[in-house]
Amino acid sequence: MRKEVMQYIRTKKMLQSFIREQPRWYRLLSRYPHKLQSFELEAMHYYEQTIPHKVEKIANSLQMASLMLHMFQAMRD
């Protein structure tokens with residue numbers, strides 16, 4: 001694998017652990033280093049770090065907080 005690709009992966013812990021869990025990417029990046037952006041995007045999807053995933057987590061948290069608030073209000077009445 002090219003040095004610059006390896007250095008880039010080493011700078012980000014998420015990418016390091018992803019390449020260890022998905023060794024096919026090591027082979028792919030060795031042959032096609034221009035696929036680094038696809039690799040990073042795939043890692044973000046794998047670890048649910050994309051914007052839609054983050055929005056979904058926030059929505060779930062808000063829904064849970066709302067449910068708890070309604071439950072506490074029902075207990076008070």
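Phe18 and Phe39 are both buried, a word used here for under 20% relative accessible area, with exposed meaning over 50% and partly exposed in between (1.4 Å probe, protein chains only). The model is predicted, so local features need pLDDT of at least 70 and side-chain atom pairs count only at pLDDT 80 or more, while totals for chains, interfaces and linings use all residues. Residues are numbered from 1 along each chain as its sequence is written, and side-chain values use heavy atoms, leaving out hydrogens and water.

Let us begin with the rings. The structure holds 5 aromatic pairs; rings of Phe, Tyr and Trp (its six-membered ring) pair if their centres lie within 6.5 Å, and the pair counts as stacked when the planes are under 30 degrees apart, edge-to-face when over 60, and tilted for the rest. Phe18 and Phe39 make a tilted pair, because their planes stand at 45 degrees, with ring centres 5.5 Å apart. This pair links distant parts of the chain, 21 residues apart: Phe18 sits in helix α2 (residues 13-21) and Phe39 in helix α4 (residues 36-46). Helices here are DSSP runs (H or I, at least four residues), and strands (E, at least two) are too, numbered from the N terminus.

Phe18 has another partner. Its ring and that of Tyr47 have centres 6.3 Å apart and planes at 70 degrees, so the pair is edge-to-face. Tyr47 belongs to the loop between α4 and α5 (51-76), 29 residues from Phe18.

Ala43 touches Met14, Leu15 and Phe18, not counting residues up to four places away in sequence; contact means heavy atoms within 4.5 Å.

One last stop is Glu48, in the loop between α4 and α5. Most residues other than glycine have a negative phi. Glu48 is not a glycine, yet its phi is positive, at about 55 degrees. Glu48 is partly exposed, at 41% relative accessibility.
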